[in-house]
Amino acid sequence: MKENIGIGLAGFGTVGAGVFDVLQHQRDLLAERSGFQFEVRSIVVRDLKKVRDVAAPSELFTTSWRNLLKDPEIKIVVELLGGTTDAFEFIKAAIESGRIVVTGNKALLAEHGEEIFALAKKHDVPIFYEAAVAGGIPIIQSVRDAFVGNRIESIHGILNGTSNYILSHMQEAGPDYRAALAEATELGYAEADPTLDLNGGDVAHKAIILAALAYGFWVKPEAVRVHGIQEVTATDVFFARDFGYVIKLLATIRAAADHSIEVTVAPTLVSKNSVLASVNGAFNAIAVKGDLVGEALFYGKGAGRKPTASSVVGDLVEAAFALESPARHVGFSSHSLYGASKAPQDVHACYYLRVAVDDQPGVLAKIATIFGEAGIGIASVIQPKAKDKNKTDLVFMTHEAAYGKMSNALEKIKNLSCVKSTPVLFNVESV
Ligand SMILES: NC(=O)c1ccc[n+]([C@@H]2O[C@H](COP(=O)([O-])OP(=O)(O)OC[C@H]3O[C@@H](n4cnc5c(N)ncnc54)[C@H](OP(=O)(O)O)[C@@H]3O)[C@@H](O)[C@H]2O)c1
């Protein structure tokens, strides 16, 4: 006898429709493997008239999530609405009504995770959110459950397929940022409004969730330094290669020696020999370093209908098991074994700095003096042959320095009369 589980599906877009489709097409496989049959009893959408690319009985559709919570046969709700307003109200009401929640909403968890999990704990309702980070890659379960005995030293992640597609295309074929973005849009790798993918916001949401799992508390969004890929030029890709590096939009999550937690999202030069350098196209990868496991690498598709539905359906089966036996946790365990998060100004890194300057003697010395006064060591510098007879690029690789120190020095460099445009600053990481 297979047990029937009533599901309420909020959202029938890219992921929601994909989940519905999988529940129909993999019904037998799921029933045999898990012992459950999932029955979608209600679907919440905004527009009842929209033509859907996955067919579902019209009587299931409603425009109000409140209707979904009125059905006592719905035991698990799946939130795939997106956004942080209606989705937040819906999840809170679902928890208060005792429904188990499955969600893929990284923005909501990054902004309101603390409140949501406190409410879940109060009502003893588990929340599953594997799809919220890196789509089809099971990174949530791995960091939270499989590595539970580890002290996590660091997590480095390529967590946005759109930006990784653009950067690796620039690396391979040499177009500038705008041309690479246009191509990504044409091929469907970038959405109509790709702002959050390009400005690092989407990666920051995922990084905050990973940091919470690794270190037991929710880093506030304002404590994360976030830079996107908009400033990366073909020139930088070229110079990085000259130094033996590849540029990636990298989330760096780390416990410092004093136990404070650093979370940074920035274009970052990684050695061309590192595994992360070879992660190309729309793929995601996450390198986790634990004191017991050592280095572990996860690689796969971080978005898209099928990979994301794969994670949501996995969560649904976990949720069904949690219905049968009291859940051992609500999905996140807060603790205070680590200190607070480190202010972005205090986070140390090595840097790549490109400055466009007048092609005149003495310019290099002026910039070196600013670095010297700030106590920032220069590891190497290149001055390529000037293409323009009046202007040239100076490219510096620095030793480790606090970001606050580096940005003060940058301000001074910017104000030098010999500097022709805003300098470009990226991180350099050994991963
Ligand atoms: N797309 C991915 O690859 C991916 C990967 C990982 C995680 N996620 C996360 O999964 C969630 C869903 O993403 P998605 O790409 O599937 O979004 P989407 O394609 O925009 O779909 C959103 C769905 O929710 C419905 N909806 C939105 N707001 C609503 C409201 N206030 N009331 C009623 N219905 C509402 C929409 O209705 P209509 O159809 O009528 O417009 C639509 O069906 C997001 O949190 C996203 O971050 C997505």
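Colleague: Which backbone atom lies 2.7 Å from an oxygen atom of the ligand?

Modeller: A backbone N or O atom of Gly304. Keep in mind that this is a predicted model.

Colleague: Noted. How much of the ligand does the protein cover?

Modeller: On its own the ligand has 910 Å² of accessible area, and the protein covers 81% of that.

Colleague: What about Arg46 and Asp47, how far are their polar backbone atoms from an oxygen atom of the ligand?

Modeller: For Asp47 the distance is 2.8 Å. For Arg46 it is 3.0 Å.

Colleague: And how many residues surround the ligand?

Modeller: There are 22, and the closest are Asp47, Lys50, Arg52, Asp86 and Gly304.

Colleague: Different topic. How many salt bridges does the structure hold?

Modeller: It holds 15. One of them joins the side chains of Arg41 and Asp71, at 2.7 Å from N to O.

Colleague: Where do Arg41 and Asp71 lie?

Modeller: Arg41 is in strand β2, residues 36-44, while Asp71 is in the loop between α3 (65-69) and β4 (74-79), so the pair ties together parts that are 30 residues apart in sequence.

Colleague: Is Asp71 buried or exposed?

Modeller: Asp71 counts as buried because its relative accessibility is 16%, and the cut-off for buried is under 20%. Arg41 is partly exposed, with a relative accessible area of 29%.

Colleague: Which helix do Asp202 and Lys206 lie in?

Modeller: Both lie in helix α10, residues 201-215. They are 4 residues apart, about one turn of the helix.

Colleague: What is the N to O distance for Glu262 and Arg254?

Modeller: Their side chains meet in a salt bridge at 3.5 Å. Glu262 is buried, with a relative accessible area of 7%, whereas Arg254 is partly exposed at 22%.

Colleague: Which residues are linked with them in a network of salt bridges?

Modeller: Lys342 and Glu429. Together with Arg254 and Glu262 they are linked in that network.

Colleague: Why can side chains like these pair at all?

Modeller: Opposite charges can pair when the charged atoms of the side chains come close.

Terms used. Residues are numbered from 1 along each chain as its sequence is written. This is a predicted model: local features need pLDDT of at least 70, side-chain atom pairs count only at pLDDT 80 or more; totals for chains, interfaces and linings use all residues. Side-chain values use heavy atoms; hydrogens and water are left out. A residue is near a molecule or strand if one of its heavy atoms lies within 4 Å of it. A polar contact is a pair of N or O atoms within 3.5 Å; within protein, one must be able to donate a hydrogen and the other to accept it, and residues adjacent in sequence count only if both atoms are side-chain atoms. Accessible areas come from the Shrake-Rupley method with a 1.4 Å probe; for residues, only the protein chains shown count as cover. A salt bridge is a side-chain nitrogen of Lys or Arg within 4 Å of a carboxyl oxygen of Asp or Glu. Helices (H or I, at least four residues) and strands (E, at least two) are DSSP runs, numbered from the N terminus. Buried means under 20% relative accessible area, exposed over 50%, partly exposed in between (1.4 Å probe, protein chains only).
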